[in-house]
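Subject: Structure handover

Hello,

Here is the structure for your files. My notes on what was found follow below it.

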Amino acid sequence: MSNFIETRGQLAKLLASENLFVQHDVKATTASFNVKDRVLTLPVLQTEDKFVYNMMTAHEVGHALYTPTDWHERVPENVPFDFVNVIEDVRIEKFIQQKFPGLRPDFTKGYDGLNDADFFGVKDKDISKLSFIDRINLHFKLGARALVPFSEEEMTYVTAVDECNTFDKVCLVSSMLCDYLDANRTKEQSLTEELDITTTGGSNEQTSNNQQEKTRSSSSSDEGDVEEGDNRTDTTSSGTSADELTSQTQSQFDKEMSKMSRSSCYDSEIVYIKAPVVNLDDIVIGVKDLRDSFTLVPEWTYHSERCQTEYGDFIKSIRRDVNFMVQQFEMKKSADAYARQQTHKTGVLNTQVLHNYKLNDDLFLRQTIIPDGKNHGMIMFVDWSGSMSTNIVSVVKQIITLVQFCRKVQIPFEVYTFTTGDSSRRVSGNKVIDGAVSTTSMNVVQVMTSTAKPREIDSDLYNLYCQSYYLGTSMKVRHSGILDMGGTPLNNAMFLIPELVRKFRLHTNAQKVSFCVLSDGESSPLYYWKLYNGADEDYARPTYSYYQRVMLRDGSDVIDLGNPEEGATGKIANYLQNLIEDFSIFNIYVNSPNACSRYMTQNETWLDEKTFRKENAAVSYTSGWPMICCISPKAFGQAQQEIEVESGESKAKIKSALKKFLASKQSSKNLLTRIVDSFA
């Protein structure tokens with residue numbers, strides 16, 4: 001259904017030849033168009049009848065193209081709204097069908113289908129007894145096939161309605177139609193009075209009294225008309241009560257459309273959100289503040305010494321892996337440069353081949369031009385939720401490996417952690433934008449940056465390792481309360497990426513930026529600011545979308561993010577991939593095989609379980625995330641440095657130990673190769 005209604009939104013933009021803002025609202029009972037703000041609102045109907053949706057969409061586009069923005073001010077005060085509404089609908093529907101003849105079947109079949117369902121409320125009714133404006137409405141919406149009767153005098157006005165080609169003429173014909181009905185009513189009143197006088201045969205005094213009573217009654221009726229806003233009633237010659245100045249068929253049509261809308265049934269609400277205005281200084285805790293927050297208690301010396309020893313051993317052990325990544329990166333850089341090189345003639349004669357001038361006309365020197373490559377940069381976004389504590393030491397080891405690789409090849413880098421922040425904050429309504437993504441619902445910390453001095457980077461690496469050691473083993477070593485764990489507000493945190501990349505490029509001159517999001521779980525619901533009406537003043541507070549379908553409004557474009565169960569995170573990643581130039585984003589998802597399989601299914605792809613179980617990693621390319629690398633926590637562990645076998649073991653056990661040793665090496669290399677491939 002989502003794809004169906006969004007397709008209709010794209011149809012509206014194409015028909016209007018304008019980048020309208022199209023929003024689908026389950027609370028809307030009918031389609032409407034705000035001609036001033038250029039916002040087309042379409043209801044979400046309990047039908048996928050393309051003719052009805054196309055007809056309704058084209059109708060509102062007709063208003064967008066042909067109805068003036070100041071139409072309210074141009075309608076004369078004495079003209080009923082329904083007259084202008086019905087006749088303007090006739091005009092814009094005729095124009096939109098003339099501009100796009102292919103829409104004519106949609107209007108014909110759409111209105112016929114709704115009429116068969118008695119949307120106009122005329123089933124089993126004598127159409128000839130309907131009010132004039134109702135018969136005009138049916139005639140132009142259902143066509144000549146409806147056989148709507150008109151008198152010869154009425155046909156003059158029907159023709160005038162058909163010939164309206166400007167809004168001013170719509171107002172003029174509406175006024176003429178109102179005058180015609182008033183004249184008919186006055187004529188009928190006069191005939192009725194004469195008939196009463198003839199029938200009663202009363203005296204002149206009685207006749208005068210009757211006329212005065214009728215005058216008072218007419219005056220009272222006119223006063224009621226003003227109060228009710230031109231909703232005057234009359235009685236037809238057949239004695240049937242009918243409101244000549246309102247369209248009962250249009251009113252019934254609107255009621256039936258409201259019943260068809262999804263507002264009358266339980267369904268997911270559609271929420272429109274906007275990207276936040278980001279000020280990183282107010283959101284991100286800088287690495288300098290983080291350094292000052294680490295504490296060490298003297299009684300923890302034993303655990304600290306153990307942590308320091310293990311860290312030193314780890315740094316030594318990853319040199320081979322870092323060198324392997326450097327080798328892969330340089331090879332790919334060289335291949336890319338070779339692919340881009342071009343050879344041109346210089347225009348200078350090559351004296352070494354002049355003697356071949358009779359046999360070969362290629363006598364000029366050549367030069368090879370290799371265009372300069374782009375500067376690379378890498379940003380890592382690490383999930384710092386409580387569920388990561390089981391694997392946090394292994395994950396941090398992998399981050400350290402990537403940082404050491406970046407330092408070796410002189411690629412600028414930054415590392416951030418993210419977790420939950422304050423989601424209960426309440427602010428004045430004028431301080432935030434209603435519907436903007438909340439930036440207070442997350443805690444983002446810069447834990448490392450390449451702009452720091454080498455000695456500071458070494459210290460930051462050790463601090464991060466100690467924090468992971470503290471969280472993953474519960475041993476009392478140096479740590480920071482700033483890096484306490486929480487939830488996974490990944491969807492909210494990803495809206496910081498455009499500003500993070502912009503600022504990163506400003507400080508490092510990186511041209512091509514790779515962004516790695518490393519997590520082990522799905523994002524929590526997306527928080528956005530919602531405006532409420534308070535007793536004293538309006539206020540706003542973050543609220544989250546769980547069952548709602550979320551639509552991201554970017555200018556006049558609308559991106560369907562779905563809901564948390566439909567891979568909203570991947571859709572945000574795809575939006576960012578298209579938004580930011582020279583940018584690549586990928587997801588390293590750390591979890592068990594079953595969890596990885598579910599995650600891939602949610603992102604509309606599948607997990608190669610055979611490869612995953614063999615290599616502890618598998619890569620997929622999706623319509624959301626450009627690349628998802630599902631990894632078993634085992635792959636993040638340190639590869640074996642020696643064959644684990646005791647002396648005197650059997651050949652079978654030695655063979656098994658050797659196979660395990662080689663597998664650990666290969667798993668580590670496969671993982672690192674995939675990461676390098678993403679940004680080399």
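Predicted model: local features only at pLDDT ≥ 70, side-chain atom pairs only at ≥ 80, totals over all residues.

Eight strands make up an open sheet with mixed pairing, in the order β7-β13-β11-β10-β14-β19-β21-β20. The edges are β7 (284–285) and β20 (617–620); each has a single partner strand, so one side of each is left without a neighbour in the sheet. Strands of a sheet pair through backbone hydrogen bonds, in either a parallel or an antiparallel way. Here, β14 (residues 512–519) and β19 (residues 583–590) run parallel and are joined by seven bridges. Within this pair, S514 is opposite S584 of β19.

Helix α15 (residues 392–408) lies across four of these strands, namely β10 (376–383), β11 (413–420), β13 (442–449) and β14. The angle between α15 and β10 is about 170 degrees.

Lastly, there is a nonpolar patch on the surface, formed by Y544, Y546 and Y547, whose accessible area together is about 370 Å². Of these, Y546 belongs to the loop between β16 (539–545) and β17 (549–554). Y546 counts as partly exposed because its relative accessibility is 37%.

Regards

Terms used:
Residues numbered from 1 in each chain as written. Heavy atoms only, no water. Patch = residues over 30% accessible without salt bridge, like charges linked within 9 Å, V, L, I, M, F, W, Y side chains within 5 Å. Areas by Shrake-Rupley, 256 points an atom, 1.4 Å probe, with all protein chains shown as cover. Salt bridge = Lys/Arg side-chain N within 4 Å of Asp/Glu carboxyl O. Helix = DSSP H or I, 4+ residues; strand = E, 2+ residues; numbered from the N terminus. Buried < 20%, exposed > 50% of the residue type's maximum accessible area, 1.4 Å probe, protein only. Pairing = 2+ DSSP bridges. Contact = heavy atoms within 4.5 Å. Axes fitted to C-alpha atoms, helices over the stretch in contact; angles between N-to-C directions.
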